[in-house]
Amino acid sequence: MKRGGEIKRKTRLRAKTGLKSKPLKAKRKKKRRRNRPKSRDDWNLYEWKSHCDDLAALAVKSRDNWTCRICGKTRHEAQMHWAHIMPRGHLYFRHHLDNAICLCAHCHNFDKDLSCHATPLAFAAWFERECPELFAIYDKRKNEIHKNPKIADYREIAERLETYIAANRIERE
């Protein structure tokens, strides 16, 4: 029952005994923390991984000239995503620039004929046709087991990506 803006639950036991029902607290969604601490020395593993994701996405989109590799749309026509060849769960390959391409949102998620997520087999066939040398490398390495990166590893990755971005004079959006 709803009274005075609060949700009240009436159970059989409370109905028999006449106990008043307690208001339920509304559950709040936890917001993803985007405000990083001021100093990089205070960053945790998640914050380093998120920072590396941002840098790698910028580097991949810039490398592909902000153009979808499948349909050719530019960032002025559609929202651009960075899509991984080997899944992001393979943390060792997650920030390798050769493991990602720039795709528009439609080709990345929704296209019925050729999409990373909707039709992964068709996408794999397309990737094998378009980039046979990279496909062979990742096909050979897909079953390798690597250790998950630690904070020191993410610091190295961030430094490498920042060097790449500075060397190629890439500007942030």
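I began at Asp64, which, leaving aside its neighbours within four places in sequence, is in contact with Arg69, Ile101 and Cys102. I note here that the model is a predicted one. Asp64 sits in the loop between H2 and S3.

**H2 against H6**

I next looked up the packing of H2. Which way does H2 run relative to H6? I found that the axes of H2 and helix H6 (residues 151-167) come within 9 Å and cross at roughly 25°. An angle under 35 degrees counts as roughly parallel, so H2 is roughly parallel to H6. The crossing in which H2 passes H6 is left-handed.

I listed the residues that make the contact. H2 supplies Leu45, Trp48, Lys49, His51, Cys52, Leu55, Ala56, Leu58, Ala59 and Arg63. H6 supplies Ile151, Tyr154, Arg155, Ile157, Ala158, Leu161, Glu162, Tyr164 and Ile165. Sorted by class, the contact of H2 with H6 has 14 nonpolar residues, one polar and four charged.

**H4 against H5**

The axes of helix H4 (residues 120-130) and H5 come within 5 Å, and their crossing angle is roughly 120°. I recorded H4 as oblique to H5 because of that angle. On the H4 side the contact is made by Ala124, Phe127, Glu128, Arg129 and Glu130, and on the H5 side by Pro132, Leu134 and Phe135. The classes here are five nonpolar, no polar and three charged.

I followed up Leu134, which lies in helix H5 (residues 132-141). Leaving aside its neighbours within four places in sequence, I found Leu134 in contact with Asp98 and Phe127. Phe127 is one of the H4 residues in the contact with H5. I also checked Leu134 against Ile85, 49 residues away along the chain, and their C-alpha atoms are separated by 9.4 Å. The relative accessible area of Leu134 is 19%; the limit for buried is under 20%, so Leu134 is buried.

**The chain as a whole**

I ended with the totals. How many helices and strands does the protein chain have? I counted six helices and four strands. Along the sequence their order is β-β-α-α-β-β-α-α-α-α.

The protein chain has 173 residues, and 34% of them are buried. Among contacts with a separation of 6 or more, I found that 54% join residues 24 or more positions apart. I put the accessible surface of the protein chain at about 12,600 Å², and carbon and sulfur atoms account for 50% of it.

How values were computed. Residues are numbered from 1 along each chain as its sequence is written. This is a predicted model: local features need pLDDT of at least 70, side-chain atom pairs count only at pLDDT 80 or more; totals for chains, interfaces and linings use all residues. Side-chain values use heavy atoms; hydrogens and water are left out. Axes are lines fitted to C-alpha atoms, for helices over the stretch in contact, and angles run from 0 to 180 degrees between N-to-C directions. Helices (H or I, at least four residues) and strands (E, at least two) are DSSP runs, numbered from the N terminus. Angles under 35 degrees count as roughly parallel, over 145 as roughly antiparallel, 65 to 115 as roughly perpendicular and the rest as oblique. A crossing is left-handed if the near helix is turned anticlockwise from the far one by less than a right angle, and right-handed if clockwise. Contact means heavy atoms within 4.5 Å. Ala, Val, Leu, Ile, Met, Phe, Trp, Tyr, Cys and Pro count as nonpolar, Asp, Glu, Lys and Arg as charged, and the others, Gly among them, as polar. Buried means under 20% relative accessible area, exposed over 50%, partly exposed in between (1.4 Å probe, protein chains only). Accessible areas come from the Shrake-Rupley method with a 1.4 Å probe; for residues, only the protein chains shown count as cover.
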